[in-house]
Amino acid sequence: MTSATVLAIVGCFACFTETASAQNNAPSKTSSVVHKVGLIDMAHVFKNYEKFTALREELKTEIQQSDAKAKAMAEQIQAVQKEMQDFKQGSPEYLAREKQLAQAASDFEAFRKVAQRDFLRKESRIYHTIYMEVTETVQKYAKIYNYTLIMRFNRESLDTDDPKKLIQGMNRQVVFHRADDDITLSVLDYLNRNYKSQAGAAGGSATRPTPGNTRQ
């Protein structure tokens, strides 16, 4: 290998290292993005969102009505069982009541299972509906106020009287945050105002979440 060839290779290598160094030292396009992190207590929002409470109350009323019907069916079964005591086993009357009892018990069990599945589906639908509304509001809030990340957290104070809850609180992911980072009440306020507006309970409209971190 000639000295000229060696010099050419060294020159190319030097050029490569200078280019790589320039690329590494060049400001990244993404480094100019200012990250703004917000926090939301989803449990607090669910607990205090009036629509969630209303939907659960409606479901509770349905469950109570179903329980009343189930109770009536159970009382019918008991009545048939009591009637059977008045007849001799194997008699036509006894066998008729026995058949009636089996049918009533079958109907009761089928009703109970169907009602349980139906209420579980309705409860899941309620949670899904509210969750989607909350997340859509969070996205809207983040877009308006330039948040790049919203994380879940627990805004309640540490419970020093309950060792189990204290340990759970000490294991929280968020160790420190500014009051302005907590968007829980702002999101909750928007949801409740919007719900009341749609329900016709209050005038005006809620088209924009407003900032605010007043603690409850």
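E62 is partly exposed, at 32% relative accessible area (partly exposed lies between buried, under 20%, and exposed, over 50%, with a 1.4 Å probe and protein chains only). The model is predicted, so local features need pLDDT of at least 70 and side-chain atom pairs pLDDT 80 or more, while totals for chains, interfaces and linings use all residues. Residues are numbered from 1 along each chain as its sequence is written, and side-chain values use heavy atoms, without hydrogens and water.

**Salt bridge between E62 and K122**

- The structure holds 10 salt bridges (a salt bridge is a side-chain nitrogen of Lys or Arg within 4 Å of a carboxyl oxygen of Asp or Glu).
- One of them joins E62 and K122, whose closest N and O atoms are 2.5 Å apart.
- E62 belongs to helix α3 (residues 50–84) and K122 to helix α4 (residues 92–144), so this pair ties together parts that are 60 residues apart in sequence.
- Helices (H or I, at least four residues) and strands (E, at least two) are DSSP runs, numbered from the N terminus.
- K122 is partly exposed, with 23% relative accessibility.
- E62 and K122 also belong to a network of salt bridges that includes D118 and R121.

**Salt bridge between R97 and E83**

- In the salt bridge of R97 with E83, the closest N and O atoms are 2.8 Å apart.
- This pair links distant parts of the chain, with R97 in helix α4 and E83 in helix α3, 14 residues apart.
- R97 has a relative accessible area of 22% and is partly exposed.
- E83 is partly exposed as well, with a relative accessible area of 35%.

- R112 forms a salt bridge with E109, and their closest N and O atoms are 2.5 Å apart.
- R112 and E109 are 3 residues apart in helix α4, which means that about one helical turn separates them.
- R112 counts as partly exposed at 38% relative accessibility, and E109 counts as partly exposed at 29%.

**Nonpolar surface patch**

- V37, L149 and M151 form a nonpolar patch on the surface, and together they have about 210 Å² of accessible area.
- Patches are made of residues with over 30% relative accessible area and no salt bridge, where like charges are joined within 9 Å and nonpolar side chains (Val, Leu, Ile, Met, Phe, Trp, Tyr) within 5 Å.
- Accessible areas come from the Shrake-Rupley method with a 1.4 Å probe, and for residues only the protein chains shown count as cover.
- L149 lies in strand β2, which covers residues 149–152.
- L149 counts as partly exposed, because its relative accessibility is 41%.
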